[in-house]
Every structure is written in C-alpha cells, then in structure tokens.
Amino acid sequence: MRVVVIGSGIVGAGAAYYLSGRGADVTVVDGGYQGEATQAGAGIVCPWVDHPEDDDWYRLTREGARHYPDLVEGLGEDIGYAKVGALLVAEDPADLEPVRALLRRRRPEAPEMGEVTDVADPAELFPPLSDTLSALLVPGAARVDGCSVRDALLNAAVARGAEVRTGAARLTPDGEVIVHALAGPSPTEPWRPAAPPPPAEPQGEVSGETTSWRQAAPLVPSASPPATMGSARRFAGGGVPLEADMVIVAAGAWTGEVCRPLGVELPVFPRRGQILHVTLEGIDTAWWPIVLPSAGPYLLGFADSRVLIGATVEDVGFSPRVTMGGLNELIEAGLRVAPGLFGASVTETRVGLRPVYAPGPALIGPLTDRVVVATGLSAYGLTAGPFTGRIAAALALGEEPPIDVTPYAPPRV
C-alpha cells in the first residue's frame, strides 16, 4: 500500500515508523512550517495529573505514556527518555489535595505512575526551588526530547524504505496529494502595538480543553478560536502529484488548511507556547525531577546542565514569535518557584504553535475513504504523539486501532 503522510512532526513521524514496519510504501512530506510544535515541546510525560473531568483526553495521553518504554526498546537509541519523576508543588499544602485525590482514584488503572508520596523538602530533589513549597512526588513521570524522538522515528522509517520529501503539500477535492516547492515562509500576523493582556480568570473550559494541573488558561483569553491570520501557504510552481492509496494528514495547526479542499472546515487553530532554556554551569541537572506548580509554568532538567521553563499559553493566531511579554511571564514565574535560578545563563528560546481542536480532545480518524487526519494534541503532543501516529497508521492500513477512536472522530466528508 502506498501511503503519503503530510507532516513530519512527532505524529507524522510516528505514523511513518509504524507504516514502514508493516511494509507500506511511505512518503513523508516535510512542509517546513514555521513554528511547528514538536521542536518547541518541553517533553513532559505525566498524564495522570491532567484532564480530571475528560476521560477521552486522559485515555489518549495515558496510553501514549504507556507506549514509550516499548518505543524506546524498539528504536534502540537514546531519545532523551528518562523516568525522573514529577514534583507537584504549591505554596499552600491544601492546594495539593485535589490532585492527590485524583491520583489516588486513577492509580488502580495506572500503576505505572508509581506510589505518590509527600516530599518534605522539594529542594533536596530540585535544588533551585523555593524553601516555602510543599510537594507530592509522582515517581513514574518521565521526560523526553521531542526532536530526538521525531528524528529517530523518521530515521527508522527511512531505513525501512520510507522517503522524506520537502515541500508544501495540498490536497485536491478528491484527496490526491500535490507537492509544491516551498515559496518562502508563510506570512505571519503583522506586528502592532498592544497593551498587556488582562490576567486570565480560572476557567472550566478553555477553547475546548479541560483545565488541568499544568495546562493554564491562555495568556490572551478568547471566547472562540482566534482568526487564522497568516495561515495560508504560498505555493511555487504547478506542483508534482504523489501517488497514494491512503493519505494521513498530520500537519499540526495547519491541518485545517490542508484539508479545506475536501470541502470540510476543521476548527483546528494554533496555540502559541514560548519556552526558555537556561544553564547552570557545572551542575548535573540530568536527573532532576519535573516541577509542576499548581499554577504557572513548569520546569524540568535535561543533560548538559540545562533547565527548561515553559510554556506560555497564548491564543494569538499564526504568529511564531518570541515576545518580551512571553519571556517576562516565564522569568517571573520561574524565579517565583525556583529563585535559585537567578544566576542561570539564558541560552535559548523556542516557540511552537500547538494544534488545538476547538470542539474537544484530539482529532483522529478518517475524513474520507482515502484521507485520515491526526492532530489536535495541544500541549500533549510529546506525550501522545508517537501513539497517535500508531493509531493513524492502523486506520490507514484498515486495521483495528489500539484504542477506540470514536471520541476523536472528525466529521466525515
């Protein structure tokens, strides 16, 4: 079977990996999207603390986390995956009680989270932390390097015969794939002066997502998905058709645009996340636990003395820019939780446009008899991305997916 995968992020790479393993003839189209989410993901794998009232979201992320140990073994290389645990921290110990109850309720069906314990001095595990914090430790939580995972999946697929092509893919009304040479970056939302946004009030629903322990409300609140200003791609030349029996569209926040010629409007929009990387020279941060505050940005350590602080949650359209306001939010929140980072060196900033499906959880399933869509993982792309790619591959091959995908089904064309 000939399958074209549109999108080379972690979901598309996962689909290519599983398709090639099943003997399919696979072509991945790398669209070169500015601000694609995978390269700017933090890499937190801790699904049990999120989506307390949304079983469909939780099921997908839980199974995505369970999938990683087998994936690591199958790839046989370092993808930055390590079970370092997660510290859930709060100024007031009472703020930890709801998440403690949630973890207690979920543990019988998710023993991989480990035994949750109180931590008297969180700074013993993550030295820069404030000494005023209370914490719970979830030992089964892991972190992963998203770019390493994506690259390993694509490399393994190519070793099995898959092809990766660079270009801007579009669909025709009957589902054929046309690939054009890239015509330069997509236009982005023009800069304009703006007053600082008002503080976001706690919300039960945020653009289709259930408020969770580490998923804050958007910095710029909106009652509806933001306008997709700047999302249209510019095509060069007449384009080259790719023969395909099936097509998987895993183009992240651009999925709606790619699928529009089929006669369907998919309400997938970008949510900007800015992340700050800092280093603590001479300090071994590789096995520090993930830090998840009850509100505000998270922190996690990697090898090479690196600590990530992230991420902002902004509904601003297709505008993959690092901003003064975003960095200010990250620095203030990071130092409030971890004042010991005051002397850390700022080494890198990243920004990604996370794909959000406005009506609810992720969007996974067939649009037509030839086209499968897989997107909408929002802040959980690195948790559930490879597993979502596996689901999409099964659907494209006409096989039974590993979980029931009815809750994530798109409208059929």
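Does S378 count as buried or exposed, and at what relative accessibility? At 5% relative accessibility, S378 counts as buried, because the cut-off for burial is under 20%. The model shown in these views is predicted.

View A. S378 lies in the loop between strand β21 (371–375) and α7. The phi angle of S378 is positive, near 55 degrees, although the residue is not glycine.

**View B. Helix α7 and its kink.** Helix α7 comprises residues 381–396 and bends by about 25 degrees, with the kink centred on F387. Of its 16 residues, 15 are buried, and the helix is thus mostly covered. G398 follows α7 and has a positive phi, near 75 degrees.

**View C. Strand β16 and its parallel partner.** Strand β16 spans residues 290–293, and both of its faces are covered. I290 and L292 are buried on one side, and V291 and P293 are buried on the other. Strand β4 (residues 86–90) runs parallel to β16, the two being joined by 4 bridges. Within this pairing, L87 has V291 as its bridge partner.

**View D. The loop between strands β17 and β18.** D304 is located in the loop that links β17 (298–302) to β18. This residue, which is not a glycine, adopts a positive phi of about 60 degrees. With a relative accessibility of 55%, D304 counts as exposed, because exposure is assigned over 50%.

**View E. A cis peptide bond at G310 and A311.** The peptide bond from G310 to A311 is cis, its omega being near -10 degrees. A311 is placed in the loop between β18 (306–310) and helix α6 (324–337).

Note on methods:
Residues numbered from 1 in each chain as written. Predicted model: local features only at pLDDT ≥ 70, side-chain atom pairs only at ≥ 80, totals over all residues. Heavy atoms only, no water. Buried < 20%, exposed > 50% of the residue type's maximum accessible area, 1.4 Å probe, protein only. Pairing = 2+ DSSP bridges. Bend = angle between axes of the 7 residues up to and from the residue.
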